[in-house]
Amino acid sequence: RRRVLSPLEFALSSGALLLAATLVALLRSAWIVDHPRVVLGRLALITLGMAAALVRPEPLGFRIGVDASSEPMLPANDPGEPIYQRAVLEFGDDDVFVIAMATDDVFTRSNLETLRAVSDEILKLPGVRGTESLVDVYAYHWNALDELVALGRFIDEIPSDPAELADLRARAPGDPLYTKTIVARDGRAAAINVAFKPMSDDDFVELALDEKIAAILAAASRDGVAFHVTGRPHVRSRAHHLLIHDMLNLIPIAVLVAVIALWLMTGSVRGTLVPLAANLTATFWVYGAMALVGSDLNLTTLVLGPVMITVGGVYGVHVFARYEVAAAESADARTAALESLHHTSAPVL
C-alpha cells in the first residue's frame, strides 16, 4: 500500500517550503527577477511532483477517490459513532440495498413469480451476498405438539391454488418479522433486501451494481407492477455519479467565469492568462496535496476546486495590477518587477 503523508506532516513540510520561498522573495528579490527560467523550472518540478502524487500510471487514473458517504461530514470523535457501531454489531449491518415492488396484490402467482425471478437474477450478480424477500425468507413456527420451533421457508413452491394464496395473504401480514420489512400490511408492496459482500464504494461503482439491478427491475416491470429502490448503497452510488458529473461541469464553468472576470478587470490577454495560469497551477497543487495526505473528494470538498479557481484569480489580479502601476512609474521592466515583488510578497503570503 502506498504510504501517504499525515495532515500534520504535510502541513509542516509545505509550511516550511512556503516560508522559505517567501524569505527568498523578500530577501533575494533580485535573484528571482534575474533568473525567471530557473524559477519557472522549479515551479514546474513542483507541479510534476504533484502530478506524480495525483496521477496513477497503471492502471491510468487518479489516486484521489470519491467518497460519496455522509461520514466525512460528521465531526471527528462524534459521540454517536460508538453507539452506531454497537448497534451494527448487535443488529447487523444497515448497508442494505432495498427494492420495493408495488402492485395491487403481492399474493398472486404472477407477482410472486416476478419477485422470485428478480431475486434470482440479482443473486447472479458479482458481489451480491444474498437477498431476503417473501420467496426466500425463512419462517419460524412453534410446534406445540413436539414443543419445538419449526424452521422452514415461508414459501417453498409458489402455489397456484387460490386457497393457498389466500392463506399466504393472511399469514404474512400477521407475522411481526415480515410486516414493514419484506411486505406491507395491506399486501400491496413487497421488498427485496439485497446484501453485498464487503467492498468499498469504488468497488460498488466499478461493478456497476446499481445500474445492473436497475436493468433487472426495468425488464421485470409491467403494467400494474412497479419497482422503487433505496438504501445506503444506492444513495452512495447516485451521489458518486452526481459528484463526478458536478466536478466535470463545475470546474470548466469556474474557469470560464474566471476568464471573463479577469478580462473585464484587466482588459488584456496577458492580464487574463498570467493570473489564470498561476491560479490553475495552485489548484492543481491542492489536488496533488489531497493525494499526498490520502484525502478523497467528498460532499464537502467537491466545491474546493471551483471555489479556488473563482476566488484565487483575485490574487493574481492584485499582483498584475501592481506590476502595471510600477511599470508606468519605472524606467525599465526589471525595476517594476522588483518593486511589485516587494509590495505584494507579504499580502500574498
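Predicted model: local features only at pLDDT ≥ 70, side-chain atom pairs only at ≥ 80, totals over all residues.
Residues are numbered from 1 along each chain as its sequence is written. Local features need a pLDDT of at least 70 and side-chain atom pairs a pLDDT of 80 or more, whereas totals for chains, interfaces and linings use all residues, and side-chain values use heavy atoms, with hydrogens and water left out.

**Aromatic cluster**

A pair of aromatic rings is described by the distance of the centres and the angle of the planes. Rings of Phe, Tyr and Trp (its six-membered ring) pair if their centres lie within 6.5 Å; planes under 30 degrees apart count as stacked, over 60 as edge-to-face and the rest as tilted.

| Pair | Centre to centre | Angle between planes | Class |
|---|---|---|---|
| F97 and F196 | 6.1 Å | 85° | edge-to-face |
| F196 and F204 | 5.1 Å | 90° | edge-to-face |

F97, F196 and F204 form one aromatic cluster. Strand β3 (residues 97-103) holds F97 and strand β7 (residues 189-196) holds F196, so their pair ties together parts that are 99 residues apart in sequence. Strands (E, at least two residues) and helices (H or I, at least four) are DSSP runs, numbered from the N terminus. F97 is buried at 1% relative accessibility, and F196 is buried at 10%. Buried means under 20% relative accessible area, exposed over 50% and partly exposed in between, with a 1.4 Å probe and protein chains only. F204 is buried as well.

S133 is located in the loop between β4 (128-132) and β5 (138-143). With a relative accessible area of 0%, S133 is buried. Apart from neighbours within four places in sequence, S133 is in contact (heavy atoms within 4.5 Å) with L115, S119, I182, A191 and I192. The side chains of S133 and S119 are also joined by a polar contact of 3.5 Å. Such a contact is a pair of N or O atoms within 3.5 Å; within protein, one must be able to donate a hydrogen and the other to accept it, and residues adjacent in sequence count only if both atoms are side-chain atoms.

**Helix α11**

Helix α11 (residues 304-329) has 26 residues and should span 38 Å, which agrees with the 38 Å between its end C-alpha atoms. The expected span is 1.5 Å times one less than the number of residues. At T310, α11 bends by about 30°, the bend being the angle between axes fitted to the seven residues ending there and the seven starting there. The buried residues of α11 include G305, I309, G313, V317 and F320. Its buried residues pack against α9 (232-266), α10 (269-292) and α12 (333-348).
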